[in-house]
Amino acid sequence: MYHIWQTSTVRSKRVITCGYGNIRRILQLPTGRQHRTHLSLPVRYCSANVRTFDAMLSARRAEARRSILVQVSSERSYNELYHYCSQFGTIESSHHYRVDGDAEGDCHYILLEFGSSAETDAAMQSGVFSTERPGVRARSIFLWFRTGPKPKLIAQEEPKRPLALVDGANPIGETELNGLLSSAESIDDQVTILHRLTKLNDVGKRLRFLAVRQLESSLQGMFPQAVAHPFGSSVNGYGRMGCDLDVILDLDSRSGEPPDRNSRLVYHTKSTNPNERTQVQRQLESIGDVLQLFLPGVNSVRRILKARVPIVKYHHEHLDLEIDLTMNNTAGVYMSELLYLFGQLDARVRPLTFCVRRWAQSVGLTNQTPGYWITNFSLTMLVMYFLQQLSRPVLPSINRLIQLSATFSPPNSLHSVTRFGEGQADWAYTFLKNPAIYSSFRSENESTLEQLLTEFFEFYSQFDFNQRAISLNLGSTILKPDHSPIYIVNPLETVLNVSKNVNLEETELFRMQVRNAVWLLEAHGRESGTAPPSSSTEPWGLVSLFGPKQQQRITPQMFFTKRMLNVKDIFDEVPAVDEPTQYRNVTVKNQIAAIQRAAKAEIHKLSTGGSSPRTGMASVEARTTTSIEGTGVKLKRNTKRR
């Protein structure tokens, strides 16, 4: 009988072990309590992984090409699945995760990576379609493991490669994270722990590239050169567990290449709409129909075609992933590569950015829905600029990177260094595509993460957002071109402001929160040489900085003076209190007295001398204009007389 395995197994709770040994395992420190993280750091910081952005993308695409995703009953089905799939080839790695299900239970999945793409194709070709579940018969990398014959009463040998992770896509809970942060020895260790426990792990990256592969393979039958480019937090190194996947679809990745002059056969093509925006909207609408009707696992397709950048949003139920799809927007890919480069130049960039983003989320500065508040991208730009302007910079300016790229370019480089600003493609090939740029800059700044975090809040608590704009290209500030509350120059298109959506209220809120963060770190910090007391429950460091989720959001209106006088009290015959109202300004007192006298005279006039002697008259509408004594204000009012 064909059926999808599901189980109602209760989600297991991980035991919170916040001891020193567990902290040392997370930090990957050597044994011995005499070791101090901030004392053993080298003079020049650099990331151990110097793999370029293109090399990282190629490796992840190759992993996705060799992988399939199988839905199973639970992680206990792995042994049987392993022995069955081993007949198609060598299984290099396997990972388990689950997706929250309905009343019947959660859905469990195992990601299998084979040794070659041919072995993966053999496993997929062995699949069959269900005769009991009607639907579109579309082959894909998403399968499920049905029940087979009862195994013989012979003990099967253990798989040669056990599951690398169980529940690999489940993010760490808030309580467990706070417990681990409280058990750390310093704020420097807390920032490192936060980064390593909340960043997008290997399983999350593999699942996102599976979604990219499914999108490409579904369209390459008609468009052989179609390529889906992932961008954003999923690939730039700043993604956290559960982040969305942003994809740019290019239906013809080789359109810019010159044609072969010797070929006399030319493809027939359909004429396109001269309006490029309209053409993109129509193409995305059609692609959204293909996704919704034919691709397994895709549901909740929403077409947002009237936005500044038209997108198609959909949810993948097998991957538990939200995906945003757009077209012809290469700026996102280049920006992702720039942020990836910054993260590779220094090992402290990403942990510091994670900490600032987490702080902004906890105090209500950022929101998942778009609006007038600051975004994670703008926060990342603020962190990058802060690291550029230090006396000993942690990061160089973009113009400095261009100069270094020209210095370290290979002699036979295919892409020569061009002048910045001639186009996004030239801008990318100026330095991003030069592999030597990843080892061209080494910072001599010896500050720890704790010191950098404190200096970040102090820097922006004193920054002049009213007059100055931030430029990562120059590594300095410039005069603001317009009156936007926060102006951050777009590194790709320097005429744009990446924080143009932020209003004045959110800017003032950011100023107050960074000042409050400085005070919290000073009041609830901990000396670096003091060991954490075992019995202390007082939150300190990042735990006190983030605060509880339900804390009241601070707004600038809380500091405005409330109205001191109620309008209805002006016309009261008897004062509400025995004591007369005290006025700070004599002019205001005289104006209010004049308004009272004029209002009383008008009411007396209407009630005595203005009635009509004629009987049977329903009502007469009269308009009177009165000048209030001592104010120069004329009141026009419509009154009805009986």
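Glutamine 283 is partly exposed, with a relative accessible area of 23%; buried means under 20%, exposed over 50%, and partly exposed in between (1.4 Å probe, protein chains only). Please keep in mind that this is a predicted model, in which local features need pLDDT of at least 70, side-chain atom pairs count only at pLDDT 80 or more, and totals for chains, interfaces and linings use all residues. Residues are numbered from 1 along each chain as its sequence is written, and side-chain values use heavy atoms, with hydrogens and water left out. Helices (H or I, at least four residues) and strands (E, at least two) are DSSP runs, numbered from the N terminus.

**Around glutamine 283**

- Glutamine 283 belongs to helix 8.
- Leaving aside neighbours within four places in sequence, glutamine 283 is in contact with Leu251 and Met327, where contact means heavy atoms within 4.5 Å.
- Between glutamine 283 and methionine 327 there are 8.9 Å in space, C-alpha to C-alpha, although the two are 44 residues apart in sequence.

- Five strands form an open sheet in the order 5-6-9-8-7, with mixed pairing; two strands pair if DSSP finds at least two bridges between them.
- The edges are taken by strand 5 (227–231) and strand 7 (298–304), each with a single partner strand, so one side of each is left without a neighbour in the sheet.
- From one strand to the next, the twist averages 25°; angles run from 0 to 180 degrees between N-to-C directions, and axes are lines fitted to C-alpha atoms, for helices over the stretch in contact.
- As background, strands of a sheet pair through backbone hydrogen bonds, either parallel or antiparallel.
- Strand 5 and strand 6 are joined by five bridges in the antiparallel sense, with phenylalanine 231 opposite aspartate 246 in strand 6.
- Strand 6 (residues 245–250) also pairs with strand 9, here in the parallel sense over five bridges, and valine 247 faces leucine 325 in strand 9.
- Most of strand 6 is covered, five of its six residues being buried.

**Helices on the sheet**

- Helix 8 (residues 276–294) lies across strand 6, strand 7, strand 8 and strand 9, and runs at about 145° to strand 9.
- Helix 9 (residues 331–345) packs on the sheet too, touching strand 5 and strand 6, with a direction about 45° from that of strand 5.

**Helix 11 against helix 14**

- Two packed helices are described by the angle between their axes and the distance between the axes.
- For helix 11 (residues 376–388) and helix 14 (residues 449–461), the packing angle is about 100° and the axes are 11 Å apart.
- These two helices are therefore roughly perpendicular to each other; angles under 35 degrees count as roughly parallel, over 145 as roughly antiparallel, 65 to 115 as roughly perpendicular and the rest as oblique.
- Helix 11 brings Leu382, Val383, Tyr385, Phe386 and Leu387 to the contact, while helix 14 brings Leu452, Glu455, Phe456, Phe459 and Tyr460.
- By class, this contact has nine nonpolar, no polar and one charged residues (Ala, Val, Leu, Ile, Met, Phe, Trp, Tyr, Cys and Pro count as nonpolar, Asp, Glu, Lys and Arg as charged, and the others, Gly among them, as polar).

- Strand 10 (residues 468–471) and strand 11 (residues 476–479) run antiparallel and are joined by four bridges.
- Arginine 468 has leucine 479 of strand 11 as its bridge partner.
- Four residues lie between the strands of this hairpin, where glycine 475 takes a positive phi near 75°.

**Positive phi at two aspartates**

- Aspartate 167, though not a glycine, has a positive phi of about 60°; its place is the loop between strand 4 (142–144) and helix 5 (174–182), and aspartate 167 is buried at a relative accessible area of 15%.
- Aspartate 320 is not a glycine either, yet has a positive phi of about 50°; this residue sits in the loop between strand 8 (311–316) and strand 9 (321–327) and is partly exposed at 47% relative accessible area.

**Cysteines**

- The disulfide count is zero, taking a disulfide as a pair of cysteine sulfur atoms within 2.5 Å.
- Cysteine 107 is buried, with a relative accessible area of 13%, and cysteine 243 is buried as well, at 10%.
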